[in-house]
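This report looks at how two chains meet and at what surrounds a ligand. Have the sequence and the structure at hand while reading.

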Amino acid sequence: MPDITLNVNRQAVSKTVEGRTLLVEFIRETLGLTGTHMGCDTSQCGACVVHLDGKPVKSCTVLAAQADGAEVKTIESLAPEGEMNPMQRAFHEHHGLQCGFCTPGMVMTAMALVAENPDPTEAQVRHGLEGNICRCTGYQNIVAAVLDGAKAMRG
Amino acid sequence: MQDFHFTRPDDLAAAGQAHQASDDGAYMAGGQTLIPVLKQGLAMPEDVIDLNGIADLSGIEADGHGITIGATTRHASVAASEAVCQAIPALADLAGRIGDPQVRNRGTIGGSLANNDPSADYPAAVLALNATVVTDRREIAAEAFFDGLFTTNLNEGEIITRVRFAAPDRAAYEKFPNPASRYALVGVFVAQTADGVRVAVTGAGQDGVFRAAEMETALADSFSAGALDGIAVPADDLMTDMHAAADYRAHLITVMAKRAVARAAATA
Ligand SMILES: Cc1cc2nc3c(=O)[nH]c(=O)nc-3n(C[C@H](O)[C@H](O)[C@H](O)COP(=O)(O)OP(=O)(O)OC[C@H]3O[C@@H](n4cnc5c(N)ncnc54)[C@H](O)[C@@H]3O)c2cc1C
Ligand code: FES
Ligand code: FES
């Protein structure tokens with residue numbers, strides 16, 4: 001069974017996993033970081049998005065063994081317990097969530113999007129969110145939240 | 001998902017040996033097709049051999065004639081590559097519209113071609129640009145590479161190492177994406193090349209990607225969207241599935257082809 005060493009939310013972790021262990025399973029079950037969600041088994045919903053070496057990926061579609069040596073950031077890394085970063089606050093203010101199941105993935109995707117493009121257009125935000133499905137909101141408020149979160153993050 | 005033995009060799013020879021030594025080995029590149037397949041139990045390999053540890057399989061090189069893309073180069077890297085944007089902008093554009101950002105950050109050109117999904121985007125570019133698929137054993141011309149649904153001419157254990165594209169005079173890709181998966185319901189890549197005008201269609205054929213000969217002849221006479229008026233690929237050999245019927249796909253092929261020609265004509 002593969003031994004892996006990686007950095008999760010700025011902490012070094014060494015564990016033994018099975019070949020088949022998915023990164024999302026490792027994050028939720030081995031590390032107990034349950035902010036990352038799992039919403040499908042077809043790699044389509046994006047609830048499981050984390051940053052792998054700075055890039056958003058679907059952690060249900062990466063093997064834990066493939067993350068050996070990598071740096072992983074999950075939703076828990078964005079703000080200290082009980083606080084929100086500007087993107088999370090924008091989702092809150094714009095009512096960018098209802099049940100909240102898709103929200104961790106939406107926010108992690110949005111964070112990567114604004115890191116690459118600090119001042120996105122609405123069309124760029126919509127293109128950037130194509131891998132994240134929300135069954136509640138109808139997306140309008142999510143898009144508004146990402147645009148406003150981007151603005152807040154530009155300062 | 002059934003468990004398997006995971007290895008990440010750091011050179012090509014070791015990867016080939018690991019495959020040969022296994023009763024049932026599978027290479028993994030981006031995993032964006034293989035992991036969903038494993039989850040569904042459609043494949044249950046004993047060994048998964050990760051190709052991402054092989055450094056020289058990844059990267060993009062430009063020379064005077066075109067572009068060579070390493071097999072494990074991610075779709076996002078192709079989309080963002082200065083060299084590709086300069087030499088073959090249509091290819092960068094295609095890569096930037098595969099799936100979604102997360103899929104593009106993992107999925108690779110080699111994995112996409114080896115998989116030869118009938119709705120995948122890259123096969124259209126490879127066939128229209130008459131690219132060469134290079135493996136650890138030989139070079140395969142685009143025409144000979146694709147061999148029907150999810151089938152290629154790769155032999156057991158053969159590894160795609162890179163794909164070589166000659167730069168066309170002009171080219172463009174247009175696709176009508178499935179709104180849920182973003183795969184091509186129909187995608188058409190049009191290229192004016194040293195070998196003439198080539199039109200490749202993905203998403204529609206019962207045998208996967210194919211060339212639209214009648215469109216090529218018309219465009220050789222006049223490279224304009226109007227040249228395709230009244231030309232349609234017969235629906236007989238096209239797919240009907242839950243997403244679209246064959247006659248609708250036939251209609252979309254002409255629409256996408258005209259848009260691609262108009263875009264290519266505007267770039268030069
Ligand atoms: C939600 C979603 C949406 C998608 N949308 C699109 C889309 O719009 N258009 C599109 O074209 N694709 C789409 N894809 C597929 C995506 O592009 C995949 O990345 C691609 O088809 C497979 O590439 P991979 O690197 O992930 O390969 P893997 O999944 O790792 O492997 C696929 C197959 O290829 C073999 N293989 C991999 N690399 C090599 C190699 N170098 N040599 C020999 N064999 C090899 C593997 O053994 C396996 O059989 C989508 C996928 C998902 C999950
Ligand atoms: S859980 Fe749905 S994409 Fe990962
Ligand atoms: S808020 Fe319920 S899925 Fe998005």
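## A site shared between chains

Ligand 1 is surrounded by residues from chains A and B, so its site is shared between chains. The model is a predicted one.

An N or O atom in the side chain of Asp121(B) is 2.7 Å from a nitrogen atom of the ligand. The side chain of Lys175(B) also has an N or O atom facing this comparison: an oxygen atom of ligand 1 is 3.2 Å from that atom. For Ser181(B) the atom concerned belongs to the backbone, and this polar atom is 3.4 Å from a nitrogen atom of ligand 1.

How much of the accessible area of ligand 1 does the protein cover? On its own, ligand 1 has 980 Å² of accessible area, and the protein covers 93% of that.

## Where chain A and chain B meet

Chain B brings 28 residues to the contact and chain A brings 27 residues. Between them an area of about 2200 Å² is buried, and carbon and sulfur atoms give 54% of this area. On the side of chain B, the residues that lose the most area to chain A are Lys39(B), Gln102(B) and Arg106(B), which together account for 27% of what that side buries.

## Polar pairs and salt bridges across the interface

Across the interface of chain B and chain A, 12 residue pairs are in polar contact. On chain B, helix H2 (34–39) and helix H6 (101–106) each supply at least two residues of the side that touches chain A. The largest share of that side comes from H6(B), with 6 residues. By class, the side of chain B that touches chain A consists of 10 nonpolar, 10 polar and 8 charged residues.

Side chains of opposite charge can pair when their charged atoms come close. The interface of chain B and chain A has 2 salt bridges. One salt bridge joins Glu130(A) to Arg182(B), with the closest N and O atoms 3.2 Å apart.

## A salt bridge inside chain A

Over all chains, the count of salt bridges comes to 18. Which residue forms a salt bridge with Asp119(A)? The partner is Arg154(A), and the closest N and O atoms of the pair are 3.2 Å apart. This pair links distant parts of the chain, 35 residues apart. Asp119(A) sits in the loop between helix H3 (103–116) and helix H4 (122–128) of chain A, while Arg154(A) belongs to helix H5 (residues 140–154) of chain A.

Technical notes. Residues are numbered from 1 along each chain as its sequence is written. Chains are lettered from A and ligands numbered from 1 in the order in which they are written. This is a predicted model: local features need pLDDT of at least 70, side-chain atom pairs count only at pLDDT 80 or more; totals for chains, interfaces and linings use all residues. Side-chain values use heavy atoms; hydrogens and water are left out. Contact means heavy atoms within 4.5 Å. Buried area is the accessible area (1.4 Å probe) that two parts lose on being put together, summed over both. A salt bridge is a side-chain nitrogen of Lys or Arg within 4 Å of a carboxyl oxygen of Asp or Glu. A polar contact is a pair of N or O atoms within 3.5 Å; within protein, one must be able to donate a hydrogen and the other to accept it, and residues adjacent in sequence count only if both atoms are side-chain atoms. Helices (H or I, at least four residues) and strands (E, at least two) are DSSP runs, numbered from the N terminus. Ala, Val, Leu, Ile, Met, Phe, Trp, Tyr, Cys and Pro count as nonpolar, Asp, Glu, Lys and Arg as charged, and the others, Gly among them, as polar. A residue is near a molecule or strand if one of its heavy atoms lies within 4 Å of it. Accessible areas come from the Shrake-Rupley method with a 1.4 Å probe; for residues, only the protein chains shown count as cover.
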